[in-house]
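Here is a walk through a model made of several chains.

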Amino acid sequence: MSFSIPYLLSVITFLPLLGAVAVLLVPNDAGKRWTALGVSLLTFFISLLLLVGWQDGEAGMQFVENVPWLPAYGLHYALGVDGISLWLVLLTTLLMPIAIYFSNLFVHDEIGPYLALMLALQTSMVGVFVALDMVLFFLFFEFSLIPMYFLIGRWGGQNRLYAAVKFFLYTFTGSALMLVGILAVIGATGTANIAELQGVQLGPNLQTWAFLAFAIALAVKVPIFPLHTWLPDAHVQAPTAGSIILAGVLLKMGTYGYVRFALPLFPDAAARFGPYIAILAVIGILYGALVALVQKDVKSLVAYSSVAHLGFVMLGIFALNEQGISGAVLQMVNHGLSTGALFLMVGLLYERRHTRMLDDFGGLWKSVPIFCGFFLVVAMSSAGLPGLNGFVGEFTILLGMFETQPIFTVLGALGVILAAWYLLTAFRKIAQGPITNPANEAANLPDLSFKEIAMVLPLVILFFIIGLFPNLFFDKINPSVEALTAQMAQRESAVVYQLDAAEMGAYTQEPEAQH
Amino acid sequence: MTSVNPYLALSAIIFLIGAAGVLTRRNALIIFMCVEMMLNSVNLTLVALSYQWGNLNGHIFVFMIMAVAAAEVAVGLAILIAHQRHTNSTNIDDINLLKW
Amino acid sequence: MFDLAWLLFILPAVGVLINLFLGDRMEKLLIGLIASVAVGMSFVIGVMLFVNLLTLPVDARSVTVHLWDWITVGTFSVGASLLLDPLSLTMVLVVTGVGTLIHIYSIAYMEDDERFQRYFIYLNFFIFAMLILVLSDNFLGMFVGWEGVGLASFLLIGFWFDRKDDMYGWYADAGKKAFLVNRIGDFGMIVAMAMIWTTVGTLNFIGVNDAAHHQEFTTAAVNVVCLLLLLGATGKSAQIPLYVWLPDAMAGPTPVSALIHAATMVTAGIYMIARTHGLWYEAAFASMTAATIGALTAFFAASIALVQTDLKKILAYSTISQLGYMLLGVGVGVYGAAIFHLTTHAFFKALLFLAAGSVMHATHGVLDIRRLGGMRDKMPTTSWTFLIGAAALAGLIPFSGFFSKDAILLGALAKAPLLYIIGLAAALMTAFYSFRMFFVTFMGKPRDRELYDHLHESPPLMTVPLWILAGLAIIAGVINLPFVLSMEKFLEPALGAHDAPSLTLEMLALLLSLVVGLFGIVMAYSRYRTQENWVTRMAAPFKPLEPWLQNAYYVDEFYMRFIVNPLRRAATWMADVFDKKIIDGLVNGIGSVTMDLGGWTRSLQNGRIPTYALSLFIGVVAVVIYFIFIG
């Protein structure tokens, strides 16, 4: 490494938590706002050091930290990033300052605890992406529920308690299964370290059951049809910043879990169940898009569009080849940016008009042209217009899936038509047509201010950068994904040890020395 | 060497009296006393058996139990007094806050 | 020199950026000037590149300019690269040449519009996207332009997004419809690209054409790929079954109709097929399908144009019909002829639209030919140029349309005589409706006196482009005169050579076209100028068809009724019943069952200490009994 900062990942992970404490200690509201924004910005700039110190072409984990935690149980405090998690970490650290700045501008109710929860949430999200120990991962994974629960339940809309509880229980039920899966894997192998587990071969029975446990838990988080119904409720009720983070990052924990655990640990089971998950993903793409089409609340429209987009990501992951998985990893980032930006735009609109019903708008392009211009770009990015970010991910995913199973590509590509349909419908109803409601006149509706543009602009610039120069991103994603697929291919051909004892906790095989 | 059986029998009787008192009485103070009786009957058993087997483990347990009993009484009486001040009664039928 | 090819599309992009960020503070004229100059400079560079290409030996006339690696994932790799060859540069010249004229025309035409700045931003963006479309050396890069022009088209059709009228409904809806129908075609493109890459491992045009040439596709595969591409082409080039968006697209400003929906964007499908001719050579079935669709579209669209009364609608159906000819051309394998017709059509159809725009400018938006008439006296330039355009469209010798249309029909005659006959019938109708437009609008007596009194000729900014285009519409036929200046020969490095049909066949086709064209004009003259009733009598058997023609065979209604509405109903059911009642019902059901169970067990906890003590006691006794007697 050209230069190194000790414990860089720990700093990125826990700085926000310290910031949360600081926010609570700072006396007045203005101080709290500046502290939170400052901490999140600082975290973002520190996280950029990951790019500076990045070793190109390296497939394995970088910036590794490993301290024994409960050595008796094989647990370590182990952190590290590779090409798969790098961009998700950066996505998190980028979206957080934006979400916090939005909250600073528009949230006036008990801002201190609100910002502290946001920052605590950031710690858990970054933690999920950098944890190399399964139990540590699980810890962060679960911890993320708590701040989000309070953010929705305390600062949410009309029906916030129902949404918060639904969000919590839905996800938590799944997680319980995952804990069982994690314990089974640890029991069978004696290690919880993800890097060590990459080389371990598990018996077919254990693979099947543990895969199912992981798959169902993560499916709730993603969410995969038909486990998605918590999402629209949570999104519609959550405060805008919560929606941005929820769509932008939290959902990625699920898809990331598939890439990080489900594929490398249980490759045979993944290959076996892949087609079924792909079917659900395709249903999700079409179903999410069609349901989005008839929504009257624009936030719930965007929420259902997430179901469709995440369907694409799942489709890519279970293409089980390089194009599919790399595309899926990039698409996770794309979805975070596009949907995050969409929620941001909806939030900006809501703060002006205090309604989200499509029928209340119309003709805004006349009164707020800057807003509508940005909205159009964001919608097009989400609809996968070539030249912007969404297309690169979607296309590589469809390409990867075509090699594996062409029919899924054909059906998935239908989703591209529907995506344009619902997004243009939203655009048509909001921006075009005549102004029918006096509240939408230019005199009553201020256009975006510089502060607001400052929030949207970084995202829009990234749309173009990813759309035009996706290789800046693929260069770092590819080696890790290549290693993953190579390892899966090798495993499928290798003899799988028939170890019935595996389920009873016998340690099966030495980790291979390749790490 | 005398038999320990009479002591065990006595302790069983005291224990049952105490148990019956706990279950049937309504006054919290009496219930406390009955609990003490049950504990002391156990102490008696421990001492007797300790004597029979000729080691001191039983005695040590007795001291342990006495210490716990004292602590328990201290806490219990404190709660009771607080409750009595609050409701002016020591009848445990009035106390059903455990439901919540 | 070729390294500077990126300037071609960067210049319009710079125009977009300047007008976007600085346009607020600029005069309207300056905005229009910047936009026009940006495109004009592109045209100049295009000409320079074209000349440079001509200096190269014939078999070296295919230059790839690599800009950067765009997407690389594993074995999939696609570059942002440009392909400069006769085909792409011909397209560049057409796009930027016609584009420049229309930009200049628009300065005057849009003068009074409040969103003048936005208009030129969109227009420059369109040129930018269109140039990417024609210059890319691979499918994916072309697709960027392909969707980019779709977006530009969406924005420009719905340019007056707050307007509505009886003919188009909300203009914004027309734009949305155009984008969505095009997306259906794009679906075909995406799947086709995935299939091509999976089969031959490249998306590069030259590579794919070579691979097809070396039989790397199975016959079935290449046909499937081509049918999927055809779906894309029918979307973009407005062919059956996806043509329905183009008539509605006329809601946009007229110069936009001229540039996007007549001269350039709609020809992208034809360009794409010509570009991938290597695939189509191998795909006999798909080629025949394309030719059939083309011929049928040419025929049906022309028949609809016969009875329309709105000038722009007639021109729209005429465009669909002419695009049908081009598709017929590429379908029967005469790619050069199709591109030739594409070029001449760009000139004369842009001319017709701009002339119609000039009329509209004078009448303040009235284009119903039943209210116009006798405009020749007041608008001589417009009338003359319109007449030239109509003559070219009708295929009158020596106007350009005659040569290009004839080249396509000749190809059809050699390959599929039946389609030739359909094409010839469409040519008859074309000649008829072309001159119906002209006679009714410009000749005779004015029908609406008040409208007539306010007529005036358009300003020079509008008439000069008209004259230039009129000149091109007359002489463009020359570029493919056999033995003189053969465009088809010139395009051969890009499109491959094909056997010329025999001279007798050529003469026969030439003669038939001429006769049919003239007959159509005579019919129009007799019907609308001298009011002779033999035409009406001849048309009498077809009278019952009239409502069908006026309503464009009810295709829109059919789509609404059998595709759009059922989908919407299904979506509503999914959202309101399946999602809310079934899935969420299950979820909430699990929740309430748990709550009920909790409520029931809770009643056991009555909070009375003796109860707890008793249960404790019973428990202890039970355990003791268990250990003594059972355990």
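Chains A and B do not touch: their nearest C-alpha atoms are 21 Å apart. Keep in mind that this is a predicted model, where local features need pLDDT of at least 70 and side-chain atom pairs count only at pLDDT 80 or more, while totals for chains, interfaces and linings use all residues. Residues are numbered from 1 along each chain as its sequence is written, and chains are lettered from A and ligands numbered from 1 in the order in which they are written.

**Who touches whom**

Two residues are in contact if their C-beta atoms, placed from the backbone, lie within 7 Å. Two pairs of chains are in contact, and chains A and C share the most contacts. That contact takes 44 residues from chain A and 39 residues from chain C. Which parts of chain C supply at least two residues each to its side of this contact? They are strand S1 (63-73), helix H5 (139-157), helix H6 (171-200) and helix H25 (555-602). H6(C) gives the largest share, with 14 residues. By class, the side of chain C that touches chain A has 24 nonpolar, six polar and nine charged residues. Here Ala, Val, Leu, Ile, Met, Phe, Trp, Tyr, Cys and Pro count as nonpolar, Asp, Glu, Lys and Arg as charged, and the others, Gly among them, as polar. Helices (H or I, at least four residues) and strands (E, at least two) are DSSP runs, numbered from the N terminus.

In the other pair, ten residues of chain B are in contact with nine residues of chain C. The residues on the chain B side divide into seven nonpolar, one polar and two charged.

**Chains B and C side by side**

Chain C has 26 helices and four strands. The table puts some values of the two chains together; a residue is buried if 20 or more other C-beta atoms lie within 10 Å of its own, exposed if 12 or fewer, and partly exposed in between, with C-beta atoms placed from the backbone.

| Chain | C-alpha box along the principal axes | Buried residues |
|---|---|---|
| Chain B | roughly 55 × 25 × 20 Å | 10% of 100 residues |
| Chain C | roughly 120 × 60 × 60 Å | 56% of 631 residues |

Among contacts in chain B between residues at least 6 apart in sequence, 46% join residues at least 24 apart. For chain C, residues 24 or more positions apart account for 81% of the contacts with a separation of 6 or more.

**Nonpolar cores**

A nonpolar core is a set of buried Ala, Val, Leu, Ile, Met, Phe, Trp, Tyr and Cys residues joined through C-beta atoms within 7 Å. The largest one has 441 residues, and those with the most contacts inside it include Ala262(A), Leu315(A) and Leu351(C). Another core lies apart from it, with five residues, among them Ala19(B) and Met38(B).

**A helix and some loops**

Now find helix H9 (residues 204-221) of chain A. Its 18 residues should span 26 Å at 1.5 Å a residue, and its end C-alpha atoms are 25 Å apart, which agrees. The expected span is 1.5 Å times one less than the number of residues. Among the buried residues of H9(A) are Phe211(A) and Phe214(A), and what covers the buried residues includes helix H7 (160-189) of chain A.

In the loop between H9 and helix H10 (230-237) of chain A lies Pro226(A), joined to Phe225(A) by a cis peptide bond with omega about 0°. Another cis peptide bond joins Ile397(C) and Pro398(C), with omega about 5°.

Leu320(A) has phi near 60°, a positive value in a residue other than glycine. Is Leu320(A) buried or exposed? Leu320(A) counts as buried because it has 24 C-beta neighbours inside 10 Å. Phi of Asn88(B) is also near 60°, but Asn88(B) is exposed, with 8 other C-beta atoms within 10 Å.

**Confidence**

The model scores ipTM 0.91 and pTM 0.88. The mean pLDDT of chain C is 89, and 98% of its residues reach 70 or more; pLDDT is the predictor's confidence in each residue, from 0 to 100.
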